Each structure stands twice: as C-alpha cells, then as structure tokens.
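Try each task before you read its solution.

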Amino acid sequence: MNSSDNAPEGVRPRPVVDRLPKYAAGKAPAVIEGLTSYKLSSNENPLPPIPAVLQAIADQSDINRYPDPLSTKLRTALAEFLGIPADDVVTGAGSLGALNQILSTFAGQNHDGKADEVIYAWRSFEAYPICVGLSGAEGVQIPLLSDGRHDLEAMAAAVTVRTKVILLCTPNNPTGPVLTAEETERFIQSVPAGVVVVIDEAYQEFVRDQDAVDGIKLYRKYPNVVVLRTFSKAHGLAGLRVGYSVSGPDLTQHLRVAATPFAVSQIAERAAITSLENFDQVVARVQSLVDERDRVTAGLRELGWLVPQAQGNFVWLNLGENSAEFAALAGERALSVRAFGNEGVRVSIGEVEANTRFLELCASYTKAPQAS
Ligand SMILES: Cc1ncc(COP(=O)(O)O)c(C=O)c1O
C-alpha cells in the first residue's frame, strides 16, 4: 500500500515537507533526428573542466579513505586566491551545501514554537524556498522590481524582530541583474547587525558590470555578511559538488558546528584546487561564455525583445503566459530551456550552435517578452 495522507498510522514527514515546492531540475533536451540536442535548462557550464582538472580527477586514488572534513588544502588555496584568512572559508557540497549550513545555524524553529524569518527576493533561485522551509524558518518573499532586480527597500522594510537571515542573489537567478556595490552596502547598513546577510554570488565570475557588488569586500567590513561562491558554474564542476561560504569568525565559529562531515570529497577538493591553480584558463572559458551571453542579449534586443540585464550565464525572457508554449517550441528544436510557470523562461548560455538556434527561434516567435 502506498503511504497516503489519510493513513492513521505510519511514517509521516514533518508538516513542512508536504508544503515545500518540489525542486524541478532542468530537463534533458529532446532527441530529434538530424539535430544535436542542447541542454540550456540548468545554468551549467557547457564546457568540460580544463584538462589539468580532468587529469587531477583521474589521478586521485585514495578514495578508500575519508576526505579531510575541513577541506584544509582547498581552504588554504582559496585563502591565497581571495586574499583572506583560511579560517574564514567554510566548504560545502556545492554552495547549496554551504547555504544549508548557514540556514541550519542561524534560522529555524524556536522553543516557543515560533519560526524565525528568512527574507529573500522572489522570483529567485528556486532552491531557496526548499532550503528555508526545511530549516524550519518561515520564508518571506519580496517581489522583484519590474526589471528583475531586487527591491531592497521593500526587503529592508520587511525586517522584523524574527528576521534572522536575508538572502541576496547577485546576479539574480533566473532574471539576471546584479546588485550594485552601493545599494548593497546601504542595505546592509540599514538592517540590524544581528541579521545574517547572505550574498549568493554563484555566477560572480561572469559579472562584467563595473558597479556590481563584490561580496568579499563587504564581508571584510561587516561581520554579519556571508558570501556564497561555487565551483559549479565558472569552473564547470557542478557534478562534483563543491562550493563555499566566506565570513568572519563571528559567523564561522557557529557554522563549523553545523557542518556536514565529509561533505566535500577528496576528488572534488583536488579538482577545485587544480582549477584555481589554472585560473587563467578558467577565465578564458568564462570570457567565451560572456561573449556568447552578450551576443545573445544583443541579438534579442535587436529583435526588439525586452531582456533584463544579464550578468550570469543565462538570459531571462519575461514571456508570461506564453512561457510553456515557448519552451515547447524550443523542445521541438532540441533545446531544453526552463519555463517558470506563467512568469517567464530562463535560457542558459550554451554552445555557440545552441545559442544561435535559440536566437533563430526567437526571430520566428512573434509574442516578444514584456516588462514584468
Ligand atoms: C543563485 C544560485 N546559488 C546557488 C546555486 C547552487 O550551486 P551549487 O550548489 O552547485 O554550488 C545555484 C545553482 O544553480 C544558483 O543559481
């Protein structure tokens, strides 16, 4: 018999689990004869890791052993790379692992049964509601502005005594714009120092806007700021699950208590270190994707399409109720893109041919996206 809601006995999850949205991972593209299929639905790096990383992975033979639970070598490499103390780095299974650690450390249910609040912009990264919900805290979603940017004023106004964590996503997934350095600092100054401000910079290496925030600069100044970064996007290591947070000792002393032991495998650690050691090659690859992103964005604007600032490895089409139709048409061209309900479609920057095919589809599609 299947488990069911009306079964009087048996195993039941915590009530929140039934209420959580399901994470919908990007779909694989359809196979269509005569067409190469491309997956543009998960904001992955379409390029494989650099050769030295593949070699380092192949050379790793000590996997009968547990990894170093503190990822000491990776934290040391990151410390040098970022010019910060190694103690300020906390690694995780992807930046999602690092985010879960932050949430389980600073937000949840209290003894009086009241939930803490976690504020974030919406729409944003779709794992946020799930991670926040599982932590036991209550998510407070603040609608984006019509150009896909965070409404920082409304976010600051939403802070209550129960607010424990605020998530900022820059560039925002799925809409694309960055937060500026100036507005972010003003925002941090406007919220109580006891609220943890997370700056999720999963796509930081793709940012070219000179005014964009650099979370590392802000963490140096504000002890309640924690920055999230990852090897999944620019470094092309999404499948290995390695990311990290950066914050001062006020936060890290508690974060380490909530760490999942052995979250980063030695293969992932070695791959990440090797990628950092060859960062010039990573930069060259990222630049090729940035060039493609800019080509795609310019192409869309030439068609008269309204596209928000795109600073990650994806573009956002505010197609509203036409989102599913557009995604289906892309599928007919062996492109998988990501439709979010009746809001819009996010298209990851992929191989040159994939991007060109996407632009061709847009040229033939008459219902251009509007402002939100
Ligand atoms: C904004 C944002 N943060 C975090 C992540 C998670 O990345 P990972 O856990 O692979 O580091 C993603 C992935 O898509 C993302 O878009």
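**Exercise 1. Is Asp87 buried or exposed, and which side chain does Asp87 meet in a salt bridge?**

Step 1. Asp87 has a relative accessibility of 53%, so Asp87 counts as exposed. The cut-offs are these: buried means under 20% relative accessible area, exposed means over 50%, and partly exposed lies in between, with a 1.4 Å probe and protein chains only.

Before going on, note that this is a predicted model, in which local features need pLDDT of at least 70 and side-chain atom pairs count only at pLDDT 80 or more, while totals for chains, interfaces and linings use all residues. Residues are numbered from 1 along each chain as its sequence is written, and side-chain values use heavy atoms, leaving out hydrogens and water.

Step 2. The partner is Arg75: its side chain and that of Asp87 meet in a salt bridge at 4.0 Å, N to O. Asp87 sits in the loop between helix H3 (72–82) and strand E2 (89–92) and Arg75 in helix H3, so the pair ties together parts twelve residues apart in sequence. Here a salt bridge is a side-chain nitrogen of Lys or Arg within 4 Å of a carboxyl oxygen of Asp or Glu. Helices (H or I, at least four residues) and strands (E, at least two) are DSSP runs, numbered from the N terminus.

**Exercise 2. Which parts of the chain does the pair Glu126 and Arg338 tie together?**

Step 1. The side chains of Glu126 and Arg338 meet in a salt bridge at 2.0 Å, N to O.

Step 2. Glu126 lies in the loop between strand E3 (117–122) and helix H5 (127–135), and Arg338 in strand E11 (residues 338–340), so the pair ties together parts 212 residues apart in sequence.

Step 3. Check the accessibility: Glu126 and Arg338 are both buried.

**Exercise 3. Which strands pair with E7, and in which sense?**

Step 1. Two strands pair if DSSP finds at least two bridges between them. Strand E6 (residues 196–200) runs parallel to E7 and is joined to E7 by four bridges. Within this pairing, Val198 stands opposite Val226.

Step 2. On the antiparallel side of the answer, E7 pairs with strand E8 (residues 243–246) over four bridges. Val227 has Val246 in E8 as its bridge partner.

Step 3. Finish with burial: six of the six residues of E7 (residues 225–230) are buried. One side holds Val225, Val227 and Arg229, and the other Val226, Leu228 and Thr230.
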